[in-house]
Amino acid sequence: MRIRSTTYLPLAAVTIILGLTYAFVLVPAGRQDRAKQDAVARTATDLMHALGRGDGPTACGLLSKPAATSLATRQGAANCPAAVTSLSRSLNAEQRDSIAAAELTGEHVTPRKKDPLIPVNLPANPFDFTQFLVTERNGEWRIVRLD
C-alpha cells in the first residue's frame with residue numbers, strides 16, 4: 001500500500017503552524033512573564049534592603065501612599081521615613097546582615113491570572129512580614145501592601 005504525499009501535507013502544515021506558534025507566541029510570553037516576576041522580586045528585595053539599612057526615602061519610595069501610611073501607623077510613627085528608622089533600629093547586627101544578604105527571586109513571586117496585585121512570599125525575617133503585594137503603577141513597581 002502506497003501513501004500519497006497529499007496525506008502528509010495537512011499534517012505537515014499543522015506541525016509547522018504549531019511550531020511557529022510555540023516559537024513566536026508562547027516562548028516570548030514566557031520570557032515576558034519571567035522578566036515581570038524578576039522585576040517584582042527585585043522591588044521586594046530593594047524594599048527589604050532599604051528597611052534593613054533604615055533608608056526611609058528609598059523604602060517609602062517603593063511603597064504606595066496607603067502602604068506607607070499603614071507602615072507608619074503600624075510602627076506608631078509620624079510618617080513613613082520615621083517608621084523605617086524605627087524598624088531598622090529594632091535590628092541587631094546579625095539581623096541587619098541577614099536582611100542585607102536577602103535576595104528574593106522569581107521563585108518567591110506567585111502571580112495570579114488577571115489580578116494586578118502580585119504576591120511576593122517572604123522567607124522568615126526579623127520584621128515578621130510574610131508577604132508583599134506588588135503592582136505596576138505608571139510604569140514602576142510599587143508595593144501596595146505589607147502583610
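Mentor: The crossing of α3 and α4 is left-handed. Keep in mind that this is a predicted model.

Trainee: At what angle do α3 and α4 pack, and how far apart are their axes?

Mentor: The packing angle of α3 and α4 is about 50 degrees, and their axes are 8 Å apart. Angles from 65 to 115 degrees would count as roughly perpendicular and those under 35 as roughly parallel, so α3 is oblique to α4.

Trainee: Which residues of α3 meet which residues of α4?

Mentor: From α3, Ala68, Leu71, Ala72 and Gln75 take part; from α4, their counterparts are Cys80, Ala83, Val84, Ser86 and Leu87.

Trainee: Where do these helices stand in the chain as a whole?

Mentor: The chain has 5 helices and 3 strands, in the order α-α-α-α-α-β-β-β along the sequence. Of its 147 residues, 32% are buried. Among contacts between residues at least 6 apart in sequence, 49% join residues at least 24 apart.

Trainee: How should I read the largest nonpolar core, and which residues touch the most other members?

Mentor: In soluble globular proteins, nonpolar side chains tend to be buried together. Here the largest nonpolar core has 33 residues, and those touching the most other members are Leu47, Leu51, Leu63, Leu71, Val120 and Phe132. Two or more core residues come from each of α1 (5-53), α2 (56-61), α3 (65-75), α4 (80-89), β1 (118-121), β2 (131-137) and β3 (140-146). The element that gives the most is α1, with 7 residues.

Trainee: Take Leu63 as an example. What is it in contact with, leaving aside its neighbours within four places in sequence?

Mentor: Beyond those neighbours, Leu63 is in contact with Leu47, Ala68, Leu71, Cys80, Arg142, Ile143 and Leu146. Leu71 and Cys80 also belong to the set where α3 meets α4.

Trainee: How many aromatic pairs does the structure hold?

Mentor: There are 2. One of them joins Phe127 and Phe129, with 6.0 Å from centre to centre and 45 degrees between the planes, and is tilted. Phe127 counts as buried at 9% relative accessibility, and Phe129 does too, at 4%. With Phe132, these two residues form one aromatic cluster.

Trainee: What is the phi of Lys114, and what is that of Asp128?

Mentor: Most residues other than glycine have a negative phi. In Lys114, by contrast, phi is positive, near 60 degrees. Asp128 is not a glycine either, and its phi is positive at about 65 degrees.

How values were computed:
Residues numbered from 1 in each chain as written. Predicted model: local features only at pLDDT ≥ 70, side-chain atom pairs only at ≥ 80, totals over all residues. Heavy atoms only, no water. Core = buried A, V, L, I, M, F, W, Y, C linked by side-chain atoms within 4.5 Å. Buried < 20%, exposed > 50% of the residue type's maximum accessible area, 1.4 Å probe, protein only. Helix = DSSP H or I, 4+ residues; strand = E, 2+ residues; numbered from the N terminus. Contact = heavy atoms within 4.5 Å. Phe/Tyr/Trp six-rings, centres within 6.5 Å; stacked < 30°, edge-to-face > 60°. Axes fitted to C-alpha atoms, helices over the stretch in contact; angles between N-to-C directions. Parallel < 35°, antiparallel > 145°, perpendicular 65-115°, else oblique. Left-handed = near helix turned anticlockwise from the far one by under 90°.
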